Amino acid sequence: MGNISNSDIQSRIQHAFSELLENQPFSSVRVTAIIQHSHISHRSFYRFYQDKYDLATDFFSSQLASAVVIGGKNATFRDLMLLILTIIKSHAKLYINLLTDDEGAKTLPIILTKLSSGWTGFSPAWATTIINTNLLIDWANNRFSTPVEKVYVRLVYSLPASELLTKEELEAHIQQYENRKSIDFVRHNDTHTQDLC
């Protein structure tokens with residue numbers, strides 16, 4: 001292989017993976033094709049990645065993490081989320097071939113967890129990851145036709161209270177909720193039904 005650096009080998013692998021995924025569903029992408037396309041040996045591939053799932057996790061979490069670099073230190077949560085969604089939409093073929101494929105969609109919770117851990121230092125609640133995964137899969141199934149801003153609002157409104165409130169705020173809201181009477185729920189449902197009509 002001569003004097004090819006490790007970063008060059010990884011770059012070749014990721015470029016080959018990206019090119020293959022642009023043209024076919026994730027389940028059709030094979031490690032042997034990635035190796036052939038990147039002009040490296042099997043040994044070189046397995047030095048960096050266990051399999052294509054490991055590669056996909058590294059590739060997509062790194063791509064989405066670039067939002068943190070682009071946004072900078074003063075970027076708000078909203079800024080970064082809009083950047084992440086914009087990155088996804090601007091690479092539509094890649095994400096459609098990942099997310100509309102059952103095998104590929106299974107990697108998204110792992111990608112999102114790695115992204116969140118790298119960004120915030122902690123893993124999100126599994127329920128949050130699954131909700132976000134389903135929202136992004138629906139978005140991909142609709143060919144990213146929904147505007148980024150609307151997808152962002154759906155993601156934020158799906159966050160559990162425990163990720164939005166402090167422990168004290170959450171306890172106060174829970175206590176307030178626990179003290180509600182049955183009639184309050186009926187009124188809430190009637191109002192909600194009227195809002196939907």
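User: What makes the pair α8 and α9 oblique?
Analyst: The axes of α8 and α9 cross at roughly 120° and come within 9 Å; axes are lines fitted to C-alpha atoms, for helices over the stretch in contact, with angles from 0 to 180 degrees between N-to-C directions. Angles under 35 degrees count as roughly parallel, over 145 as roughly antiparallel, 65 to 115 as roughly perpendicular and the rest as oblique. Therefore α8 is oblique to α9.

User: Which residues make the contact of α8 with α9?
Analyst: With contact meaning heavy atoms within 4.5 Å, α8 contributes L108, P109, L112 and T113, and α9 contributes W126, T129, I130, N132, T133 and L136. They divide into six nonpolar, four polar and no charged, where Ala, Val, Leu, Ile, Met, Phe, Trp, Tyr, Cys and Pro count as nonpolar, Asp, Glu, Lys and Arg as charged, and the others, Gly among them, as polar.

User: How is the lining of the largest pocket divided into nonpolar, polar and charged residues?
Analyst: The lining holds 17 nonpolar residues, six polar and one charged. Of the 24 lining residues, F77, M81, S116, W119 and N132 lie nearest the centre of the pocket.

User: Which helix supplies the largest share of that lining?
Analyst: That share, six residues, comes from α8; helices are DSSP runs (H or I, at least four residues), numbered from the N terminus.

Residues are numbered from 1 along each chain as its sequence is written. In this predicted model local features need pLDDT of at least 70, side-chain atom pairs count only at pLDDT 80 or more, and totals for chains, interfaces and linings use all residues, while side-chain values use heavy atoms, leaving out hydrogens and water.

Note on methods: 1 Å grid on protein atoms, 1.4 Å probe; cavity = no way out; pocket = protein on both sides within 12 Å on 5 of 7 lines; lining within 4 Å. Helix = DSSP H or I, 4+ residues; strand = E, 2+ residues; numbered from the N terminus.
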